[in-house]
Amino acid sequence: MENNNDNYKPQQNIVPFLPNGDFYYAKAQTCMDRGDFPKAAKYLKRAVELSPDDAMIFLQYAIVELELGNTENARSLLLVANDLEANNPEVLLFLAETSAGLGMLEEALYYAELYIEVDQSGEYFDEANEIIDFVTSMLGKLPPTEDAGNKVLSREQERARQLMESGEHEQAIEIFENIIAENPNFWSAYNNLALSYFYQGENEQARALLHEVLLGNYGNIHALCNMAIIAYYEKDEKELDLLEETLVKLHPYNFEHRFKLGATLALIGCYEEAFKWLKSLYVKGYSGDAGFYFWLSHSAFFAGDEKFSRMIWNLLLEIDPTKEGFEPWTHAEFENDTILNDEEYIVGKLQHEYRSERLFGLYLLTKTPFKQDILANPAIISVDDYSPMEKIFLALSLGHDFEDDASLQPMLRAIEVAEILYIQVESMEIEDTFQFQMWFMICEAAFEKGYKFKNPVALAAAVEFMYKSSRMKITKKEVAELYEISTPTLTKYIDELMQFLPIFDS
């Protein structure tokens, strides 16, 4: 029947949906389970707007903000949560951590001690005690550097650091020593002075300074890390093992300390621990220098996260393109090369009394996965004692481009010969090195006589024939076919190179 009542409205069985804070909290949890923290933060922001009296939603929002690196906002949310539900143990622990991370040491100490007071058997009891130990040490031992009276001191130390990083160690040492003379408890100056001495090769002096730091400021992270670095480069395995045991137990909250600890652990091969600290900085939005991304990528790769490592490495190359060639996966690429994985052998070549051997060592340096370690050790390469030829080889190993320098083309072609020979051996074993040693001995003499090193392929073929023919039965035709050149061309370059072989009197 038709209803003509204009006021009639059909009844609808629709229940209006009014989402509350719990609804958005649940959606945020789903996002967190997927690792989508940015989206989780959006849902939690809406959740706290709809449920402004729910302390646990504020706590969860703070945790997500910490994952995103928004430490200050996380602390603000935690303060609200603490107002809503006073002395909740989990909130207190996070307040202690975030306060420490932001350098608010007194607040960190207050919340950590309050946590222990309200929850003596809580699951975060150990973490709270670690915060208390750290903050107490920092408050009692660190020199005041923020007041106006110490601004000149800070500027002086920064100037000395810049001199040290640019290689002006003598000047840096003088400034650091003056700072310490006037401020005997300024421990960071001791650490920097120790590094300056280390870069000068005065390792014992560096060690003595670091021990002095630890006597006056027990547990100083920079001093412990610097001692581990020296022990690593000196191959003092006993001391390194002892220091490693200490370093892996540390739990720093200061960003700078986490970076120093993570980079040191990565250097000495504790990759999983290093990755934990360095990634914690990355997650929290820490934007460090090239060194930070270098060690983050390396620790990630050897901790098993290759995808993340490669992503970070791409970021590094945007900041510092000269790091190309230092990729952590080069270790895997050269794992079958006995020589390239023999750091002691390469260092021996770099420190050899004969220049041709040092040239060979510099060539190996361009390929070894230990390149960064060797270059970072000032005791191995003495640039001041190098000949111009060796300095150019070193510059090439550091990634300098000389393609536009016509005067250096012969040297580049000589290195190309070594590259061709390396391709032929596929993986370098000890028996392969003798051929390379012969080539660099020829190079040394040829450079001095102005040889142009034309036709690198033919030169590589000539070197292989000259080396192998003295040890086995091999024909010029076989070698010429291998290198896809004619036999007369091979003979021509053999004759040219023979003049550079040393003649020993019987």
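**View A. Arg 207 counts as a buried residue, at 11% relative accessibility.** The model shown here and in the views that follow is predicted. The side chain of Arg 207 meets that of Glu 239 in a salt bridge, with an N to O distance of 2.6 Å. This pair links distant parts of the chain, 32 residues apart: Arg 207 lies in helix α11 (residues 203–216), and Glu 239 lies in helix α13 (residues 237–247). Glu 239 also counts as buried, because its relative accessibility is 17% and the limit for that term is under 20%. The structure holds twelve salt bridges, and the contact between Glu 239 and Arg 207 is one of them.

**View B. Lys 45, Arg 46 and Glu 49 are linked in a network of salt bridges.** Glu 49 takes part in a salt bridge with Lys 45, in which N and O are 3.3 Å apart. Glu 49 and Lys 45 are four residues apart in helix α2, so about one helical turn separates them. Glu 49 forms a salt bridge with Arg 46 as well, and here the closest N and O atoms lie 3.2 Å apart. Glu 49 and Arg 46 are three residues apart in helix α2, and their separation is likewise about one helical turn. Glu 49 is partly exposed, at 45% relative accessibility. Lys 45 is partly exposed, with a relative accessible area of 43%. Arg 46 is partly exposed too, with a relative accessible area of 36%.

**View C. A patch of positive charge on the surface is formed by Lys 27, Arg 34, Lys 39 and Lys 42.** One of these residues, Lys 39, belongs to helix α2, which covers residues 37–50. Lys 39 is partly exposed, and its relative accessible area is 37%.

**View D. The side chains of Lys 349 and Glu 357 make a polar contact of 2.4 Å.** Lys 349 is placed in helix α19, which comprises residues 343–350. With 10% relative accessibility, Lys 349 counts as buried.

**View E. The side chains of Arg 75 and Ser 99 are joined by a polar contact of 3.0 Å.** Arg 75 is part of helix α4, which comprises residues 71–84. Its relative accessibility is 12%, so Arg 75 counts as buried.

View F. The relative accessible area of Val 383 is 36%, which means that the residue is partly exposed. Val 383 and Leu 394 are eleven residues apart along the chain, and their C-alpha atoms are separated by 8.7 Å.

**View G. Phe 453 has a positive phi of about 55 degrees, although this residue is not a glycine.** Phe 453 is located in the loop that runs between α24 (430–448) and α25 (456–468).

**View H. Glu 484 has a positive phi near 60 degrees and is a residue other than glycine.** The loop between α26 (476–482) and α27 (487–498) contains Glu 484. Glu 484 counts as exposed, because its relative accessibility is 73% and the term applies over 50%.

Key. Residues numbered from 1 in each chain as written. Predicted model: local features only at pLDDT ≥ 70, side-chain atom pairs only at ≥ 80, totals over all residues. Heavy atoms only, no water. Patch = residues over 30% accessible without salt bridge, like charges linked within 9 Å, V, L, I, M, F, W, Y side chains within 5 Å. Areas by Shrake-Rupley, 256 points an atom, 1.4 Å probe, with all protein chains shown as cover. Salt bridge = Lys/Arg side-chain N within 4 Å of Asp/Glu carboxyl O. Lys, Arg positive; Asp, Glu negative; His and termini not counted. Charge placed at Lys NZ, Arg CZ, Asp CG, Glu CD. Helix = DSSP H or I, 4+ residues; strand = E, 2+ residues; numbered from the N terminus. Buried < 20%, exposed > 50% of the residue type's maximum accessible area, 1.4 Å probe, protein only. Polar contact = N/O pair within 3.5 Å; in protein donor to acceptor, adjacent residues only side chain to side chain.
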